[in-house]
Amino acid sequence: MKIVIIGAQGVGKTTLAKQINKHYPDFKILPEAARLAKEAGYKLDQTATVETEHWLIAKQIELESGENKWVADRSCIDLLAYIHHLFSEELSLIEFATETLVPRFSKYDLVLYLPSGEFDIEDDGVRSTDIKFQQAIDKRIRHVLEKHQIPFFRIVGSPEERLAKVKSLFAFTK
């Protein structure tokens, strides 16, 4: 089973992924491509370059192509939303990203969407803490979900409430 947790930066994706892994240790947590990009010296978010996005596309696909039972706190869905927002004038990048990423959406068994605005953004030293940027990305993610008719579950509430909702989904999907 391949589970993706999607949402803008700072909405609690990593927290939920760790909770899932703690309660279901057979689900490996995939590394986040953006963190790996930062470690490799690439700029992220508003300072990202086309080169960064090409690297992220390749890395995200590589990460998702591994094991069969994982949870990821980023996915090709998020990546496409960020590219659309940051590079709306770079039509060749958008076309390449769309052709490359959209076919991967059907490989996800469970898509969990965490909306923005529930928590303050914590500064993790990697992602932007700009609330307007977070809201813009959230809007783009919702657009990608709608445009590509991706089935998803909206997960809200405290971290404990979110985990309880995921547990109920697991009971339902097993």
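Visitor: Which element gives the largest share of the lining of the largest cavity?

Guide: This is a predicted model, in which local features need pLDDT of at least 70 and side-chain atom pairs count only at pLDDT 80 or more, while totals for chains, interfaces and linings use all residues. Residues are numbered from 1 along each chain as its sequence is written, and side-chain values use heavy atoms, with hydrogens and water left out. At least two lining residues each come from α2 (33-39), α3 (50-64) and α4, where helices (H or I, at least four residues) and strands (E, at least two) are DSSP runs numbered from the N terminus. The largest share, four residues, is supplied by α4.

Visitor: What is the volume of the largest cavity?

Guide: On a 1 Å grid over the protein atoms alone, a cavity is a set of points where a 1.4 Å probe fits but cannot get out, whereas a pocket is an open set with protein on both sides within 12 Å along at least five of seven lines; lining residues have an atom within 4 Å of a point. Of the 15 residues that line the largest cavity, the closest to its centre are Ala34, Leu56, Leu79, Tyr82 and Arg127. With grid points joined across faces, edges and corners, a volume is the space filled by probe spheres set on the points, and for the largest cavity that volume is about 130 Å³.

Visitor: Are α3 and α4 roughly parallel or roughly antiparallel to each other?

Guide: Their axes, which are lines fitted to C-alpha atoms over the stretch in contact, with angles running from 0 to 180 degrees between N-to-C directions, lie 10 Å apart at an angle of about 170 degrees. Angles under 35 degrees count as roughly parallel, over 145 as roughly antiparallel, 65 to 115 as roughly perpendicular and the rest as oblique. The two helices, α3 and α4, are therefore roughly antiparallel.

Visitor: How many charged residues are in the lining of the largest pocket?

Guide: The largest pocket has a volume of about 470 Å³, and of its 20 lining residues the closest to the centre are Gly10, Val11, Gly12, Lys13 and Thr15. Ala, Val, Leu, Ile, Met, Phe, Trp, Tyr, Cys and Pro count as nonpolar, Asp, Glu, Lys and Arg as charged, and the others, Gly among them, as polar. The lining has four nonpolar residues and five polar ones, and its charged residues number eleven.

Visitor: How many residues apart in sequence are the parts that Phe27 and Phe170 tie together?

Guide: Rings of Phe, Tyr and Trp (its six-membered ring) pair if their centres lie within 6.5 Å; planes under 30 degrees apart count as stacked, over 60 as edge-to-face and the rest as tilted. The whole structure has six aromatic pairs, and the pair of Phe27 and Phe170 is tilted because the ring centres are 5.6 Å apart and the planes at 35 degrees. Since Phe27 lies in the loop between α1 and β2 (28-29) and Phe170 in helix α7, the separation in sequence of the parts tied together is 143 residues.
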